[in-house]
Amino acid sequence: MHLPPRVITQIFLAIALLSIPKVVAAQEGKAATGVPVQIVVTAEPKRGNEVQEITQQDVIVNQGHDRRPVTGWVPAAEPHAGLELAILVDDSSGFSFGNQMDDIRVFITEQPPTTLVAVGYMQNGTVSLAQNFTQDHAAAAKSLRLPQGFVGAEASPYFSLSEFAKKWPPNPATPRREVLMITDGIDTFYGSGYPDPYVDTAIQDAQCAGVVVYSLYTAGSGHFAHTYWRIYWGQNYLAQLSEETGGESFYFLGAQAPVSFEPYLNQMGQRLMHQFLLTFLAKPQKKAGTEPVKVSSEIRGVDFFHQDKVCVPASSEH
């Protein structure tokens with residue numbers, strides 16, 4: 001039996017059309033697999049102060065070169081505004097820090113009721129809390145004190161941050177966890193140069209804990225406080241730390257502390273108001289570890305800032 005060419009073509013087209021839903025379903029099923037990972041994303045308008053509306057469909061997530069499914073994109077506002085904000089002060093900071101304390105107190109008291117604030121001092125590779133997380137912003141502001149102004153034994157602010165991030169218990173009511181780290185950034189334990197393994201470890205610990213780190217330079221005490229080489233590397237370490245955890249590092253104008261913290265704290269406050277909770281399905285690898293991630297959008301009027309790696313468990317497939 002010989003069929004006309006036109007009939008044969010129609011049969012092939014019908015078979016192809018019937019197979020399309022199965023192919024699409026298979027692709028969607030495959031795309032929907034992975035490990036849920038949530039990170040904080042800050043949106044910053046390229047012009048002005050207003051962030052245009054961004055929907056889940058506008059967001060693109062890449063893990064390495066692979067595009068991953070986005071399963072959640074929620075503005076960090078009521079009822080998802082919960083934030084735990086830790087203000088960590090280097091206890092080896094110089095006494096010029098006293099000139100900035102009122103700026104910090106005002107910043108603390110201006111936080112919304114949905115923000116829990118803690119105040120701690122980094123010393124000897126740990127954090128000593130002057131005030132645990134509280135909604136009583138007046139109490140948190142009151143707990144702020146002058147630093148002791150000495151260099152702790154084997155001191156490194158990055159040791160302190162690592163320990164704090166790893167011991168920070170998750171709280172579903174406060175999905176955002178962020179740090180304002182006030183220090184000169186100098187690692188007296190390692191020295192100087194790139195890379196600093198303790199900075200890298202602190203970054204990874206913060207990333208795995210989902211902690212966004214902002215850093216604000218203040219002059220230290222002792223010999224290193226006027227050693228340009230150390231100060232240079234300290235500020236670079238802080239910039240690296242904040243950039244790779246999704247925060248921002250403020251002040252790069254030299255060895256002296258800024259005249260006022262107010263403009264930098266205002267910038268940080270603006271960023272906290274323009275954040276989103278992003279959930280996507282990460283692709284597990286053969287070994288557990290950190291995976292590079294990039295969030296982008298076809299919306300051209302906004303930039304996204306977020307941690308550049310996420311912790312992903314090993315694949316269960318063998």
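Modeller: A charge is said to sit over a ring if NZ of Lys or CZ of Arg is within 6 Å of the ring centre and within 35 degrees of the ring normal. The model is predicted, so local features need pLDDT of at least 70 and side-chain atom pairs count only at pLDDT 80 or more, while totals for chains, interfaces and linings use all residues. Residues are numbered from 1 along each chain as its sequence is written, and side-chain values use heavy atoms, leaving out hydrogens and water.

Colleague: What makes the charged end of Arg271 sit over the ring of Phe305?

Modeller: Its distance from the ring centre is 4.7 Å, and the limit is within 6 Å. The charged end of Arg145 likewise sits over the ring of Tyr121, 3.8 Å from the centre.

Colleague: Why is the aromatic pair of Trp73 and Phe304 called edge-to-face?

Modeller: Ring centres of Phe, Tyr and Trp (its six-membered ring) must lie within 6.5 Å to pair, and planes under 30 degrees apart count as stacked, over 60 as edge-to-face and the rest as tilted. Here the centres are 5.7 Å apart and the planes make 65 degrees, so the pair is edge-to-face. Both residues are buried (under 20% relative accessible area, with a 1.4 Å probe and protein chains only).

Colleague: Why are helices H4 and H5 called roughly parallel?

Modeller: Helix H4 (residues 157-167) and helix H5 (residues 197-209) pack at about 20 degrees. Angles under 35 degrees count as roughly parallel, and H4 and H5 are therefore described in that way.

Note on methods
Buried means under 20% relative accessible area, exposed over 50%, partly exposed in between (1.4 Å probe, protein chains only). Axes are lines fitted to C-alpha atoms, for helices over the stretch in contact, and angles run from 0 to 180 degrees between N-to-C directions. Helices (H or I, at least four residues) and strands (E, at least two) are DSSP runs, numbered from the N terminus. Angles under 35 degrees count as roughly parallel, over 145 as roughly antiparallel, 65 to 115 as roughly perpendicular and the rest as oblique.
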